[in-house]
Amino acid sequence: MDADAFREDIKQHLRYTLAKDEYSSTDWDNYRSVVLSVMDRLHDRWIETQQSYYKEDKKRVYYLSMEYLIGRLLDNMLVNLGVQDIAAEAMEDVGLDYERVRSAEWDAGLGNGGLGRLAACFLDSMATLGIPAIGYGIRYDYGIFYQSIENGYQVEKPDLWLQYGNPWDVVRPKIQYTVPFYGDSVAYQTDNGDVRFRLENTHPVKAVAYDTPIPGYKNEIVNNLRLWKAASSSAIDLKSFNQGQYIDAVRDNQLNENISRVLYPNDKMFVGQELRLKQEFFLVSASMNDILRRFKKTEDDWRKLPEKVAIQCNDTHPNLAIPELMRVLIDEEGLNWDTAWDITENTMAYTNHTLMPEALEKWPVSLMRNLLPRHLQIIYEINRRFLKSIQADVGDDRGKISRLSIVGEGEDPVVHMASLGIVGSHKINGVAALHSDLIKKTLFRDFYEIFPDKFTNKTNGITPRRWLRQCNRELADLITSKIGEEWITDLDQLKKLEEFADDSSFMKEFVAIKQRNKQHMADYIKENRDVEINTRSMFDIQIKRIHEYKRQLMLTLYAITQYNRIKENPDGDFVPRTILVAGKAAPGYTLAKLFIKLMNDVGEKINNDSDVGDKLKFLFLENYSVTLAEKMIPSANVSEQISTAGKEASGTGNMKFALNGALTIGTLDGANIEIKEEVGDENIFIFGNTVDDVDKLRREGYNPWDYYNANNELKKAVDQIRDGFFNDDSELFNPIIESLLEKGDYFLVLADYESYVKKQGEVDELYKNQKKWNRKALLNTARVGKFSSDRTIRDYAEEIWNVDVKK
């Protein structure tokens, strides 16, 4: 693990593995030689970890997720192995620049946003806590699209993360499973008279395993992320090929391989829906085969499965694991229904990530009957038995029975995947205290009344290894110099920083580090956007998926208002502010994409107005990614967490910003509430309608026109958008105006505007007093220890999975 050995390995791999020397090697070759040297150090630990799990016969956790937003891995691997500085020294010795090497790596963008990033943080924490765990997902050829901004519009381009291969993963060609689609579910009688079912005439697809090592922090443990790649189960059709029908010869192969081609196709079209359902079952079937193969190596009593296996479904996408486990236990292993159901329910657990009914997955019965005929039969039987079991409690309440039924009624019935997850799991958790409370009171109230003990809360968290130690090295080193490095695995240790809040020399360095991070961000903007940023300005940042409920539109209206104030009084005493926004809109989400165009047009107007100068800048940064987040978060003074109350399940960006010394302006939504409890009311800016206020407003009849007409600044900003002030095409932004005024402003942008703008005024006033501001910034860092994903995973381990955690 010393620099000399590292240096020699880098040279050896460059020459003997990659057949390159210092004259012919590219940045990618240099990066690969470093990765191969790191992998050499991981492999022993990886093998030994897996052997120890077998020898100690430990209960295993299997985390099923359609998304893993991993980002770049080099820094993460080196930090967790404890050799980042050693590796940097070795690179320097062979003439390599560390920054240039790490920049050659593509982000592994196998996720859309928070769901996938949470899964990646959880993998890091499970390894750090020594939990025997495997993450299962799909090795998409193309991850979340590359976002280009052209003439202010989002343009989606393929994410080419695999164009040169992925040096971090190891293909396991001998670990592959056949996943059956379509076909017929045929009943037959066994020798002892039992009726069973088998699938015939299926279209099989192969799932091939690719493994990525996941090291814990300085603990010699390396867990596994296993991603499945789809492959055809048959060779090309040689007859067609020989007859010159080349396309037909490979058509089936291409269709099969499409399953792992791209992350979440747009599901607005029926074909897209089918491909997405295929992806979900592909993940579930391959993973379940792998899980049960491992179980059968050491056990022959199926009733012990819940003692040895915990399966966690990250949202509804993997909930097909419930009927798939039932199918294996009944059809293949010959267990009776009651025994199989008891095993399944006690093995499975489900995490809910949304409060919006429209976001809950519902699969058409017609689609499932065609694609997964046996699973649909099992789901119908689960539903029949469930409804029968609650008959005494529900009686003849048809409305309640309809709400509880896993399979909907009507001409086009659907399977409710969240309901399946609740009925088939022993625990269902929300991801923040408010979210968990609301799903019990609203979304799943009927289920909660029947299964109160199933529901629990597990507030999300973030890994401090990536989101402080790695992305803000200077601050991490300053903290370690004062309180030691235990905080890296015990984030509550940061509370000790409070005693330095009045230490002038410490605070001077704390502030200087923030300033240097802002300069790095300004340099990035200058290089990529050719815009000069005043680094003494307040950096006000919102980074998240572009969505109506996240209300990037409200931040835009504030920017317009601030612009108008400066124009009306150019010599006024304004606190300089740089507003930075980044995020991607779903390709089929027309209104969200129009928000991006509006933000770019507003920014164009503001940033080129000489009256405004450096008092205000408004920029949308393209192609948001984990790597860009690692630049933006350490530079932030203000964190925008402004979703409509009751819509954000948790949020984790709010935690990352606070950990890095940004002050939050936000609604009482998601984990903002718990952040407020931790950092103190005086160290956070809370505004807007609460969940109860929102309910009351809607019940009493919310009329956005009342708010529009009552506030001159708001009216002016909306009118400017409508009347072509920011774009010569005065009709371009009509859909936005319609959503606000004609279609009821569902996400209450106008209702919260006045409170938001007033609170931003308080932000300005505090920022003028830098000593007070910086003290509050430090207290945010010091008081967010609760939001470590280590704490979240410890809670899962003790209260859901029943597995041991290393102390």
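A salt bridge here is a side-chain nitrogen of Lys or Arg within 4 Å of a carboxyl oxygen of Asp or Glu, and this structure holds 72 of them. Bear in mind that the model is predicted, so local features need pLDDT of at least 70, side-chain atom pairs count only at pLDDT 80 or more, and totals for chains, interfaces and linings use all residues. Residues are numbered from 1 along each chain as its sequence is written, and side-chain values use heavy atoms, with hydrogens and water left out.

Let's start with D4 and R7, whose closest N and O atoms are 3.0 Å apart. Both sit in helix α1 (residues 3–17), 3 residues apart, about one turn of the helix; helices are DSSP runs of H or I, at least four residues, numbered from the N terminus. D4 counts as partly exposed because its relative accessibility is 45%, while R7, at 19%, counts as buried. The cut-offs are under 20% relative accessible area for buried and over 50% for exposed, with partly exposed in between (1.4 Å probe, protein chains only).

Further along, E280 and R276 pair up at 3.8 Å, N to O. They lie 4 residues apart in helix α9 (residues 270–298), and both are buried. E299 bridges to K304, again with 3.8 Å between the closest N and O atoms. Salt bridges that share partners also tie R172, D211, R226, D290, R293 and R294 into one network.

Now hop to L468 in helix α20 (residues 464–470). L468 is buried because its relative accessibility is 0%. Beyond four places in sequence, its contacts (heavy atoms within 4.5 Å) include R473, W487 and L659.

How values were computed: Helices (H or I, at least four residues) and strands (E, at least two) are DSSP runs, numbered from the N terminus.
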